Amino acid sequence: MSPADDGTTVRAAGCVLWRPAPPDAPPGLELCLVHRPKYDDWSHPKGKLDPGEDPLAGALREVAEETGYAAEPGVELPTVRYTVDGRPKEVRYWAAAAGTGVFVPSDEVDRILWLAPEAARARLTRPRDRALVDALLATRPPGGPGAR
């Protein structure tokens, strides 16, 4: 039995949400970061899975809940593992293109930002989240939408 199956691991999922840069910006893409006032941090949208919930379905649910945007999932990105309050946590991530939506602030997420990858990397609070920016960029085909 792997640690993720032992019942003590906190299971979560999220997305590195992206969209093409607007016409008045340099060509490329923008990433959506969420600000969680409880932790005063900037991160990718993510959250704990409900019991028995499919990780991809949970990731898309969390994106919608935290950002207000629908998301079209792409490739799976690296899984991030760390410890929270002495318990192992495993967060599965997917690249996801932003669809339509409108952000509405809540107690959980009070702000979002759409930033170019370099600015997003600098704004992210935790280094483990910065590595996901690099993983997303590695999936982008040269000359394709959002390519740099």
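In the predicted model, Trp 94 is located in strand S6. Its relative accessible area is 6%, and because this value is under 20% the residue counts as buried. Leaving aside neighbours within four places in sequence, the contacts of Trp 94 include Ala 13, Gly 14, Cys 15 and Val 16. Further contacts of Trp 94 are made with Pro 55, Leu 56 and Ala 59, and with Gly 74, Val 75, Glu 76 and Leu 77. Between Trp 94 and Leu 132, which are separated by 38 residues in sequence, the C-alpha to C-alpha distance is 9.4 Å.

Ala 13, one of the contacts of Trp 94, belongs to strand S1. This alanine counts as buried, with a relative accessibility of 0%. With residues up to four places away not counted, Ala 13 touches Lys 46, Gly 47 and Leu 49, as well as Pro 55, Ala 59 and Glu 62. Val 91, Arg 92 and Trp 94 are also touched by Ala 13. Ala 13 and Ala 59 lie 46 residues apart along the chain, yet their C-alpha atoms are separated by 4.7 Å.

The protein as a whole contains three helices and seven strands. Read from the N terminus, its elements follow the order β-β-β-β-α-β-β-β-α-α. Of its 148 residues, 44% count as buried. Among contacts in the protein with a separation of 6 or more, 67% involve residues 24 or more positions apart.

In soluble globular proteins, nonpolar side chains tend to be buried together. The largest nonpolar core in the present model comprises 20 residues, and those with the most contacts inside it are Val 16, Leu 31, Leu 33, Leu 77, Tyr 93, Leu 132 and Leu 136. Two or more residues of this core are given by each of strands S1 (10-20), S2 (29-36), S5 (69-84) and S6 (87-101), and likewise by helix H3 (127-139). Helix H3 makes the largest contribution to this core, with four residues.

One aromatic pair is present in the structure. The pair is formed by Tyr 69 and Trp 114 in an edge-to-face arrangement, with 5.5 Å centre to centre and 80 degrees between the planes. Tyr 69 lies in strand S5 and Trp 114 in strand S7 (residues 111-115), so that this pair links distant parts of the chain, 45 residues apart. Both Tyr 69 and Trp 114 are buried.

The largest pocket has a volume of about 550 Å³. Its lining consists of 20 residues, of which Arg 36, Tyr 39, Lys 48, Val 84 and Lys 89 are the closest to the pocket centre. At least two lining residues are supplied by each of strand S4 (46-48), helix H1 (55-67), S5 and S6. In terms of residue class, the lining is made up of 14 charged, four nonpolar and two polar residues.

Several loop residues were also examined. Glu 108 is situated in the loop between S6 and S7. Its relative accessibility is 44%, and Glu 108 therefore counts as partly exposed. With residues up to four places away in sequence not counted, Glu 108 touches His 35, Arg 36, Pro 37, Glu 62 and Glu 66. Glu 108 and Val 34 are 74 residues apart in sequence, and the distance between their C-alpha atoms is 9.5 Å.

Asp 40 occupies the loop between S2 and strand S3 (41-43). Although Asp 40 is not a glycine, its phi is positive, at about 50 degrees. The relative accessible area of Asp 40 is 57%, and this residue is therefore exposed. A positive phi, near 50 degrees, is likewise found for Asp 85, a residue other than glycine. Asp 85 lies in the loop between S5 and S6 and counts as exposed, at 80% relative accessibility.

Key:
Residues numbered from 1 in each chain as written. Predicted model: local features only at pLDDT ≥ 70, side-chain atom pairs only at ≥ 80, totals over all residues. Heavy atoms only, no water. Core = buried A, V, L, I, M, F, W, Y, C linked by side-chain atoms within 4.5 Å. Buried < 20%, exposed > 50% of the residue type's maximum accessible area, 1.4 Å probe, protein only. 1 Å grid on protein atoms, 1.4 Å probe; cavity = no way out; pocket = protein on both sides within 12 Å on 5 of 7 lines; lining within 4 Å. Points joined across faces, edges and corners; volume = space filled by probe spheres on them. Nonpolar A, V, L, I, M, F, W, Y, C, P; charged D, E, K, R; others polar. Phe/Tyr/Trp six-rings, centres within 6.5 Å; stacked < 30°, edge-to-face > 60°. Contact = heavy atoms within 4.5 Å.
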